[in-house]
Every structure is written in structure tokens, then in C-alpha cells.
Amino acid sequence: MLNMTDSRQTIYRIRVAVPVHLYDCFDYQLSAEQYQQAEIGARVAVSFGRQHLTGVIVEKLAPDAPIDPGFQLKTISSLVDDQAILNDKVLSLLSWAAQYYQFPLGEVIHAALPVFLRQGKPYDLLAHVWKVLDLNAEEKLKRSEKQLNAYKILKLHPQGTSENILNLSGIETATLKAIEKKGVIRCELEQQDFSPEPVQLAQLPLTPNHDQQKAIQTILKAQNKYQAFLLDGLTGSGKTEVYLQIMQQVLKQGKQVLVLVPEIGLTPQTISRFQSRFHCNIALLHSGLNDSKRLQAWQHAQTGKASIILGTRSAIYTPLPQLGLIILDEEHDLSFKQQEGFRYHARDVALYRASLENCPIILGSATPSIDSYYLVDQGKLTGLQLNQRAGSAIMPTMHVIDSKISRKQHGISEPLIHEIRKRLERKEQVLVFLNRRGYAPVVICESCGWQANCPNCDAHFTLHTSPYTHLHCHHCGTINRLPDACPQCHQQTLKPIGIGTARVEDGLNTLFPDFPVLRVDRDSTSRVGSWQKIHDQIQQSQPVILLGTQMLAKGHHFPFVTLVAILDIDGGLLSVDFRAPERTAQLIVQVAGRSGRGEKKGDVYLQTLRPEHPMLNTLIHQDYRAFARQMLADRKLASLPPCRYAVLIRCESRSQEENQQFLTDMTQQLRLSTEENLIEVWGPIPAPMERKAGRWQAHVVLLCSDRAKMHFYLHRWWPQLLKQKPSSMKISIDVDPQEFS
Ligand code: ADP
Ligand code: ZN
Ligand code: ZN
């Protein structure tokens, strides 16, 4: 009798991370049978307010756990998965990240799933596959436009297309069945095969040089345990070869390797370097994939079918049952930091993940971040250096041109024009780097000094000349017509000031009419395949001028480039952001590294108004490492990150006063609740661009040398801030911010 009463009263509950912008997880009731089935890390359908959402089970509450009497317990709608899709390790990683970066766990988990799984679609979404049997059936289907259309789509995929995917693109199952009756297509139930695929070495490793050998040996000693390495190797010193040889050993043990690369680093060239060394299943995870490709790659990674997982920042959250090694290439690259919404740094998350999974991690770069050098000093990273270029190439020579004293044509100084001509005549290639899109960054009236400024931002309009002439604000997207005459004095004396890539392109075409100028930036390569075309042209040994922005700085191998010209880095030298010199130095070294990678030695010319700048001098007369040492010493003196931990609160509202008042009150509350002098508070201060898209921006920066204590107080303070802010105000928190804009 007693037992029966007990079981009637038992309420089975699970705790669910729901994708809503709230910091709690929510408890739901379910039947005893469902409770038995429910697995932590599996999805569950629940209602939340009036919404129907897909959440993930994060806890099964003990049946006798106390119940909050004031809480109206809801029942789940259904269990979506019969098995966990996120393993314990990834769940711990996600909860840690949510805590550390002060973001709701439900949203963090949601973002880590492929889109179809977020939407509550079944895990075996890709199982029903439709295939074409008759390749010439247009005649048979011509009377139904619907059927003909579906057939045409099916014909594009000879391997077959999953029914769910077809449904999602608007093709109904009924239509497919009707075509099937005509004997044109067939449906197959494909049991998805998630068993691990074999790994074969497809190409012999190169014989490592002395430095490579030393790095490989040191890292291999750390197999099957956590140790973090910084592979600090000059551009072209063969870091990738080191990765490949270590991967070979890890893959041999049946383990998976996660390789993270910067956003624009995931080019066909990068992918093929891994593919040509190893024959195995490589899962590619990046933002350019469509949802079904992404789901498939994710599942291959998550089930262990794929041995190599090659992805951009968010791939760090992929469940990997056999993870044995993490590699994060170009670790200094800013694209590892997510700058909006859930602001996290994939490098730091990767370090945490490697320690959770008990595996080694390699951070690699030719220009390591000051943050990583600091970790080497603290003994948290093991530093390894590659000091020579691999093969026969040697490092290029750097030269500085004083732009104040040299005459210029089209923004390019005459000595530089002379050097460019010399290279082209020798049938070599030239790379001209300018990190500014458009034609000119400023338009000014020469008669009265009027400037074309964005009405919504504290910023100049950029002048663009293609596809048509217009003014464009790069901060809020506003587009205006270029007036014929000055709106203030009505004279026709408007003049573009400064140079952008489009203007330099015109100039180079005028100066060197016999040589092709290939422009590489977001405006010129947005069309699919256009970058590939340019890339192929560069790989042939014809003299060309390559002109571009950041896109050209990253990891590319241009064997025929012998001269790199960097036109304007003065913005980076003068910026107020304490990280600006670091970024500028990295950019210079990375761009310079594109020169002289083949048989001929390279040169680099830097055109600047500040040839005497101490940073430039350290970089040029010593090297990047000396520069980084100097930077780190400066940061120590000023107690700036990484020597203290920083948090940036960004606040945006309709007025300066509103920001000021709110942030002043809130920082006062923080001061009162923490130990004296524990957290240094800067601000409220206006953001570097105070008005952006018509709204006012203000910042508060918190600095503290005790990370644990800082987080302790943040956990209490940040939710208060969110509760108390006026509804018209937006605030966000950025833990370990990389940019102060
Ligand atoms: P990094 O990644 O450091 O910029 P890469 O791995 O791209 O350098 O290497 C640059 C070039 O040197 C590549 O063409 C690579 O094949 C070659 N290379 C690397 N290691 C060796 C080696 N041990 N012997 C000969 N060539 C090598
Ligand atoms: Zn004027
Ligand atoms: Zn604007």
C-alpha cells in the first residue's frame, strides 16, 4: 500500500536549457517512462510561454528532490532524441563557456547545434533518399510543372537527395510519389553509416629540418595528456608540416583531430593540404555550408566517423567522442573571437576544452598574440620556435619609405613606383597592400572645408566609384548620393582625400598599362569562384600586380611574389586602442611573409608618414618577437591585459545622459559591493565612435588581477544590470574584449 501511494506522488522532472535570453534553466515534468528514457544531452520539445521550443536536457532531477511550491511545473511536449546528441564533455564545455562569458546556457547550447537540430528536426533527417532512375524523363513529366521542377532539382544531385531536404525546399512528398509512379525516380531508405572510416597516409611526410624535428618530438611526448604548445614559427617555416606529422601519430591511434583556422583561412588550398596527406573522412565545418551539409559534417564528427574536423571558430563546440589533439592555426587572428551576441574567444575555449578532454593542443602563428607570449612566460604554454624558412626560401628584407618627403602619384611614392617597375620587368609579381576598401575615405570641399559625414555616425563617408559613384558609411551602411557641388558653399570644389583600393587600382592601371592588376577584396571577390580564378592566375609565373586588403594577408602561398608594398599603416600606429600596435605589427609581418616564398629573395616596402615610430623600428631592425617582448613589457607597466583581466560593458541608448546616468549608478553599486580596490573601474566613457547608426554609445571597462574574484562579483552584478536597465537601452558584456570599439 505504502509503495503505491509513493509512486503516485513521485514527480519526475528534468532540467532543460531552453533557447531564450534568460539566465536560468527550467524544470519540466514527464512520465516515469519518459524519465527512464531521457538522457542528459538529448533534445526535448517544450512549451515556454506561448512558444514551442527545442531545449536540451542538462539534468535529471532525483525523484525525491524538493519542489518549489510556488512554481507551476509544466509537462514536456515530447522527447526528441532517444540518445544524447551532446556528450558530457561538450556539455561541461558549454556550461563553462556560458558562465565564463556571462551568456545564457540555453542560447549557448542552441548556437552549438546545426540548424536542423535546433529546429527540432529528427536526428536521422537525411535517411530517406530520392534518386533519379531515368535521366531523360522531361517528356514524361512535361504536363506537370511541379513534377518537372522537382525532377530537375533531383537531377542536380546524382547521389540522391534526402526527402527532408526536398520538403524543406518546398517539394512535397506527394509530388515525389507521383513521379515515382511513372518509374522515373525511386526512394531508398539509407541507413546512415556512422562507423569510423579508415585513415590512410596518402603522401610521404617531408624530412623535417632541425627545428621542426625538435617541435615534433616535444609535442609527441605529450600524447594522451593535456599540454598546451605555442608553435612560434616564421611565415613559411613549415608549421603545417609539423601539424601534419603530429596528426599522423594521433590518427594512427584511432583518435580524432580538431583543426581550427581563421574565417578566411579555410580556402580550397588549406583543405587540400590535409586531403592530400591523409585519405580519411574530413568533416568541414564553416559558415559557407548549407544546412544539410553542415548537419552531415557535424554528425560525422559527433559519431566519430570523421577523423579530421576542419573548421572555423564555432567548430570548437562540436562533440568529438575520440578527440586526441586540437590545432588552432594563426592563433593571433581576430576571427577566433566572436564579436557579437555570445562573445567568446575560440582560442581560450579551445585551451579549456583540451584540458577537459585531456589532450594536447597546439596554437600556431608567425605572429603570436601578446596574450599567448604572456602564457608562455607564466608556464601555461610551452613555447616552440621554428627559426628558418623551410626549403630554400629566405626571409625578405624590409625597407621604409617616408611618405612626407617622397613625391607621390596616385598615392604611391615615386621610389616605390620605380621598384615595382623593376620587378615587373624582371617578370616577377608584386603585391600591393592597402587595408581600405572603396575609392577614398574622405570627401572634402577645398573652398570651405565642408566634409561628407554620415548623418547617423561620428564618421566620414567613404567614396565608392563602382558599380556607381556614391557615398557609403562603413559603420551603419547608409548610402548617399555624391553631391555635384558643395552643400555649404555651392562651389564645385569637392575633392576625394586619401586612398582606397579602388583608387589605387586606377592609379596602377595608369602607371603600368602593360600589366594586369588583380584586385582582391570583399567587393571584388564576392562572386563565387572569382577568388579561385585570381588564385590560379597568381600560381602561374606571369608578372602581375596583386592589390588587396586583409584577405591577402592570410596564409597564402604566392611563390612568384618578390615585392610587397604596404601603402598605409599610419591609422594603426595612431589608434587609441592599446591593441592597435600589436594588430598592425601582425598585419605587416603577415603581409610581408607573402614575399620571397619561392626561389627568389623578397623585399618589403612600407610607406608611412611616421618612419621614426619606435614600434616600426623594433619590428624592422629587430623582429616581431622583439617587438612583442617590448609590447608585453609596456602592458605590464601599465597593468593592461593580459597582465590584468578586463571586462567591457557596452551600452547603447537614445541619449548621452541616459547612458551616463545608468552606468554611473551601476558602477557605484559595483564599487559598494566589492572589496576596496579589487576591481578598477574606468568610465563611463564615450565609445571611440560615440554616435553610431543614430544611437549613443558608452563604455565601462573593469580591470582586475584576480580572475576568480572578478567572476564571482560579475555573476551577481551583471544580472542586476540587465534587470535595472531601461527597456530602450541595449547593454552587452564582453569578457576578455579584443577590441574597444
Ligand atoms: P607555414 O605554415 O609555417 O607558413 P608552410 O607549412 O606553408 O609554412 O611551409 C612553407 C613551404 O615549405 C611549403 O611549401 C612546404 O611544403 C615547405 N616545407 C615545409 N617543411 C619542409 C621541409 N621539412 N622540407 C622541405 N620543404 C618544406
Ligand atoms: Zn564648400
Ligand atoms: Zn553611418
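I began with C476, which is partly exposed, with a relative accessible area of 28%; buried means under 20% relative accessible area, exposed over 50%, and partly exposed in between, with a 1.4 Å probe and protein chains only. I noted that this is a predicted model, in which local features need pLDDT of at least 70 and side-chain atom pairs count only at pLDDT 80 or more, while totals for chains, interfaces and linings use all residues. Residues are numbered from 1 along each chain as its sequence is written, chains are lettered from A and ligands numbered from 1 in the order in which they are written, and side-chain values use heavy atoms, with hydrogens and water left out.

**Zinc ion (ligand 3).** I found this ion coordinated through SG atoms of C454, C457, C473 and C476, at 2.2 to 2.4 Å. Donors are N, O and S atoms within 2.8 Å of the metal (3.2 Å for Na, K and Ca), and sites may look incomplete because water is not among the atoms. The arrangement is tetrahedral because the 4 donor atoms subtend angles of 105 to 114°; four donors count as tetrahedral if all angles lie between 85 and 135 degrees. I recorded the donor spacing as C-x2-C-x15-C-x2-C. C457, in the loop between β23 (442–445) and β24 (462–464), and C476, in the loop between β25 (470–472) and β26 (479–480), are 19 residues apart and link distant parts of the chain. Strands are DSSP runs (E, at least two residues) and helices likewise (H or I, at least four), numbered from the N terminus. C457 is buried, with a relative accessible area of 4%.

**Zinc ion (ligand 2).** I listed C445, C448, C486 and C489 as its protein donors, each through SG, at 2.2 to 2.3 Å. Angles of 105 to 113° make this arrangement tetrahedral. The donors follow the spacing C-x2-C-x37-C-x2-C. I found C448 partly exposed at 32% relative accessible area, and C489 partly exposed at 25%.

**Ligand 1.** I counted 17 residues around ligand 1, the closest being T207, Q212, G236, K239 and R273; a residue is near if one of its heavy atoms lies within 4 Å. A nitrogen atom of ligand 1 is 2.8 Å from a polar backbone atom of T207. An oxygen atom of ligand 1 is 2.9 Å from a side-chain N or O atom of K239. Helix α11 (residues 239–252) supplies the largest share of the shell, 3 residues.

**Domains.** I noted that the C-alpha centres of domain 2 and domain 5 lie 56 Å apart; the bounds come from an automatic or database domain assignment.

Terms used. Four donors count as tetrahedral if all angles lie between 85 and 135 degrees; four count as square planar and six as octahedral if opposite donors are over 155 degrees apart and all others between 65 and 115; anything else is irregular. A polar contact is a pair of N or O atoms within 3.5 Å; within protein, one must be able to donate a hydrogen and the other to accept it, and residues adjacent in sequence count only if both atoms are side-chain atoms.
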